[in-house]
Amino acid sequence: MTVRTTRRVFLSAATMMAAAIAATACGSPQDTANGGGDSAAPVKVGLVYSQSGALASYGKQYIEGFRAGLDFATNGTNKVGDRAIEITEVDDAGDPAKAVSAAKDLIGKGNKIIAGSTASGVALQVAPIAAQNKVLFISGPAATDAVTGANKYTFRSGRQSYQDVVTAKSFIGDPAGKKVVVFAQDGAFGDANEAAVKAVIGGAGASVSAVRAPASATEFTPFASQIKSAKPDLLFVAWAGTTAPAMWQTLDQQGVLTSTTVVTGLDIRASWPTFGAAGSKISFLSHYFDGASDTEAAKAAKAKIPGGTLDLFHPDGFAAAQMVVRAVAEGGDDVDKMVTALEGWSFESVKGSMTIRAEDHALLQPMYQASLTGSGDTFTATAQKALTADETAPPVQAMKG
């Protein structure tokens, strides 16, 4: 388990100050925090996320976004009032056991705010630790719906699976009486996606069935034939792994992509070449991609992100930092006051207007329909439609703890 502690202080910029005040909608973080505690002591924040492992690329975007968001929300000072934000970064490698151990260690060292969780399995293990120890937990890219309403101390800075699926539903209008097929691999990932489509799109009146392939499959023609025979109005594809290029090529060659509306999630930019020639024939639901928004926060993030190009999970880190600053500015060292300060809070972030729903801590936010153009290793994503936070809002969940 790798631990890295960083303390960064940036020069204040007058132009950033006005934007940050508007974006946080809570007064300047330069004002003294309201929640009590040592007004000069650093605020310790632990970030537990994937620096290595299968989701390391997601974690890299998260931490880049967090640093940019902290700079934005503190007007470049890395302080709330007179208190420096002291960040400790810990690599969980996507392993829930490592994440739980890291969270407990950070809590023992006085960190009252834990953020991160690149993987859903990690978030679901860290959330109970937050409740048991009464510390604030802000989950990151982890998309599992179960984080919403987990307990009063758990929040999220990214989207959840429901928001993905309801965006997919938007491609066919009123689902009543329509046929939807889910094409996915056998296993937990496929199970979760099939269940989500049945709940969200099936629950809105569509008939939902599934075509499932073994995770080891390398020949996809039989599955393409099953899909064409079903004649769906919408094909929802949930796929992961190295067989994706062959799978998409087969669906394209067998005419599936031109016979129905095919929807899948738009992953990080590095994955776009896997679609090959099929890319321009697919409809994408998207959490975020560079150019999807033109907010002040997005401009500030682009100015700070290495390379100046935003990607899928930069907004999650950016929003997490804004939430940390809000919590400290209003709550000081009192975690219950931090929770109260975040509940019902609306703020402007990279994607636009976001609201933390008080009842279950769902993060209401825009989502996007997108298309890809290009070929080879060069693709460009374009937003076809932005769905509002209200349009993608998940059902309210009863708070579990």
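This is a predicted model: local features need pLDDT of at least 70, side-chain atom pairs count only at pLDDT 80 or more; totals for chains, interfaces and linings use all residues.
The average pLDDT of the chain is 91, and 91% of the residues reach a score of at least 70. Residues 1-35 are a stretch to treat separately: pLDDT stays under 50 there, although the model places 96 contacts beyond four places in sequence for this segment.

In soluble globular proteins, nonpolar side chains tend to be buried together. In this model, the largest nonpolar core comprises 57 residues, and L47, F66 and L136 have the most contacts inside it. Helix α11, spanning residues 314-331, is the element that gives the most to this core, supplying 9 residues. Leaving aside residues up to four places away in sequence, F66 touches L47 and I87, together with G317, F318, A320, A321 and V324.

Two packed helices are described by the angle between their axes and the distance between the axes. For α11 and α12 (residues 335-342), the angle is about 120° and the axes lie 8 Å apart. An angle of about 120° therefore makes α11 oblique to α12, and the crossing of the two helices is right-handed. On the α11 side, the contact is formed by M323, R326, A327, E330 and G331; on the α12 side, K337, M338, A341 and L342 take part.

Most residues other than glycine have a negative phi, and most peptide bonds are trans. Against that background, S117 stands out with a positive phi of about 60° despite not being a glycine. S117 sits in the loop that runs between β5 (113-116) and α4 (120-133). Is S117 buried or exposed? Its relative accessible area is 1%, so S117 is buried.

The second case is H361, another residue other than glycine with a positive phi, here near 70°. H361 belongs to the loop between β14 (352-356) and β15 (363-364). With a relative accessible area of 1%, H361 is therefore buried.

Definitions and conventions
Residues are numbered from 1 along each chain as its sequence is written. Side-chain values use heavy atoms; hydrogens and water are left out. A nonpolar core is a set of buried Ala, Val, Leu, Ile, Met, Phe, Trp, Tyr and Cys residues joined through side-chain atoms within 4.5 Å. Buried means under 20% relative accessible area, exposed over 50%, partly exposed in between (1.4 Å probe, protein chains only). Helices (H or I, at least four residues) and strands (E, at least two) are DSSP runs, numbered from the N terminus. Contact means heavy atoms within 4.5 Å. pLDDT is the predictor's confidence in each residue, from 0 to 100. Axes are lines fitted to C-alpha atoms, for helices over the stretch in contact, and angles run from 0 to 180 degrees between N-to-C directions. Angles under 35 degrees count as roughly parallel, over 145 as roughly antiparallel, 65 to 115 as roughly perpendicular and the rest as oblique. A crossing is left-handed if the near helix is turned anticlockwise from the far one by less than a right angle, and right-handed if clockwise.
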